[in-house]
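Some notes on this model follow, as numbered points. They are meant to be read beside the structure.

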Amino acid sequence: MNQRFSERSVVVTGAGKGIGRTIARVFAHEGARVLVVDRDAETARAIIEAGGQAVACATDVSQRAEVEAMVGEAMTHFGGIDVLVANAGIFPSVSIEEMTEADWDQVHDVNLKGAFFCVKAAAALMRRQGGGGRILLTSSITGPITGFPGWAHYGATKAGMLGFMRTAAIEFARTGITINAVLPGNIRTEGLTDVGAEYLRKMEASIPLGCLGEPEDIAYAMLFLASDEARYITGQTLVVDGGQTLPESSLALE
């Protein structure tokens with residue numbers, strides 16, 4: 001275990017699998033006390049077994065009362081919040097033609113409204129603690145930079161996060177709270193590997209570095225933005241995509 005984040009309290013939403021689980025583990029490895037927010041407590045158990053400090057907290061981030069209770073859990077167990085990673089998100093695929101109002105609302109409720117609830121509640125506690133703190137959002141290249149069939153609702157939420165973030169950065173600045181976003185490209189998680197080997201092969205061929213990213217690539221970007229070294233960075237985006245968004249066309253990779 002390293003101790004760079006020793007005595008710091010970190011809340012990670014959507015930490016039950018994939019990118020969120022790795023973010024929680026990396027912060028714990030750096031000495032943080034992690035509130036692992038998910039309906040499954042397995043990530044917290046794994047952190048504890050590895051010698052880290054973690055508490056599981058089942059929370060539906062689309063429900064304001066549950067988010068406020070989550071912040072209360074961080075206060076009870078850790079005495080406050082130093083870092084919030086608003087990572088929870090869903091990405092069911094459905095075309096615009098087939099998309100229902102319920103489909104649209106479900107993704108917005110979890111991804112965008114959930115991020116708003118988490119940021120608002122955590123920032124209020126950070127202010128009461130005397131100011132300072134780091135807020136990090138998991139956005140995506142899909143929406144802010146690129147598009148993909150079936151993910152119009154998802155892309156809208158990830159782009160919306162960035163508009164929200166920029167105003168939040170201004171409003172929070174006087175209290176010393178920074179807020180930034182990481183935009184992952186195609187990362188090798190359970191959700192991505194389920195789409196099949198042929199899709200992954202084609203996706204890797206579109207990435208200049210020639211491979212998919214790993215969850216650790218996102219976790220270490222988050223770690224930097226939460227660090228003391230990033231104290232003067234706020235309202236910014238960090239794209240972690242292996243160069244996927246760089247080529248003008250596939251011809252650039254030939």
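Which residue in S2 does serine 9 stand opposite? The model is a predicted one, and the first point takes up the question.

1. Strands S1 and S2. Serine 9 stands opposite arginine 33 in S2. S1 and S2 run parallel and are joined by five bridges. As background, the strands of a sheet pair through backbone hydrogen bonds, in either a parallel or an antiparallel way.

2. The sheet as a whole. Seven strands make up an open sheet, ordered S3-S2-S1-S4-S5-S6-S7, with parallel pairing. Strand S3 (53-57) and strand S7 (237-240) are the edge strands, each pairing on one side only. On average, and ignoring direction, neighbouring strands of this sheet are turned by 20 degrees against each other.

3. Strand S2 covers residues 33-37 and runs parallel to S3, with five bridges between them. In this pair, valine 37 is opposite cysteine 57 of S3.

4. Burial of S2. Five of the five residues of S2 are buried, so the strand is largely enclosed by the rest of the structure. In a regular strand, side chains alternate between the two faces of the sheet. For S2 both faces are covered: Arg33, Leu35 and Val37 are buried on one side, and Val34 and Val36 are buried on the other.

5. Helices on the sheet. Helix H2 (residues 42-49) lies across S2 and S3, and its direction is at about 165 degrees to S3. Helix H4 (residues 101-128) also packs on the sheet, where it touches strand S1 (9-13), strand S4 (83-86), strand S5 (133-138) and strand S6 (177-184). The direction of H4 makes about 170 degrees with that of S5.

6. Nonpolar cores. The largest nonpolar core contains 38 residues, and Leu35, Met70, Ile135, Leu137 and Ile179 have the most contacts inside it. Two or more residues each come from S2, S3, helix H3 (64-78), S4, H4, S5, helix H5 (152-173) and S6. H4 gives the most, with ten residues. A second, separate core has 29 residues, including Val10, Ile19, Ala219 and Leu223. In soluble globular proteins, nonpolar side chains tend to be buried together.

7. Isoleucine 135. With neighbours within four places in sequence set aside, isoleucine 135 is in contact with Leu84, Val119, Ala123, Met126, Phe172, Ile177, Thr178, Ile179 and Asn180.

8. The largest pocket. This pocket holds about 1300 Å³ of space. Its lining consists of 46 residues, with Asn87, Gly89, Ile90, Phe91 and Tyr154 nearest the centre. Helix H1 (18-29), H4, H5, helix H6 (190-193) and helix H7 (197-205) each supply at least two lining residues.

9. The cavity. Across the whole structure, a search finds one cavity of 30 Å³ or more. The largest cavity has a volume of about 40 Å³. Its lining is made up of Thr13, Val61, Ala86, Asn87, Ala88, Val110, Asn111, Gly114, Ala115 and Cys118. H4 gives the most to this lining, with five residues.

10. Glutamate 7. Is this residue buried or exposed? Glutamate 7 is exposed, at a relative accessible area of 57%, and lies in the segment before S1. Its phi is near 70 degrees, a positive value in a residue other than glycine. Most residues other than glycine have a negative phi.

Key. Residues are numbered from 1 along each chain as its sequence is written. This is a predicted model: local features need pLDDT of at least 70, side-chain atom pairs count only at pLDDT 80 or more; totals for chains, interfaces and linings use all residues. Side-chain values use heavy atoms; hydrogens and water are left out. Two strands pair if DSSP finds at least two bridges between them. Helices (H or I, at least four residues) and strands (E, at least two) are DSSP runs, numbered from the N terminus. Axes are lines fitted to C-alpha atoms, for helices over the stretch in contact, and angles run from 0 to 180 degrees between N-to-C directions. Contact means heavy atoms within 4.5 Å. A nonpolar core is a set of buried Ala, Val, Leu, Ile, Met, Phe, Trp, Tyr and Cys residues joined through side-chain atoms within 4.5 Å. Buried means under 20% relative accessible area, exposed over 50%, partly exposed in between (1.4 Å probe, protein chains only). On a 1 Å grid over the protein atoms alone, a cavity is a set of points where a 1.4 Å probe fits but cannot get out, and a pocket is an open set with protein on both sides within 12 Å along at least five of seven lines; lining residues have an atom within 4 Å of a point. Grid points are joined across faces, edges and corners, and a volume is the space filled by probe spheres set on the points.
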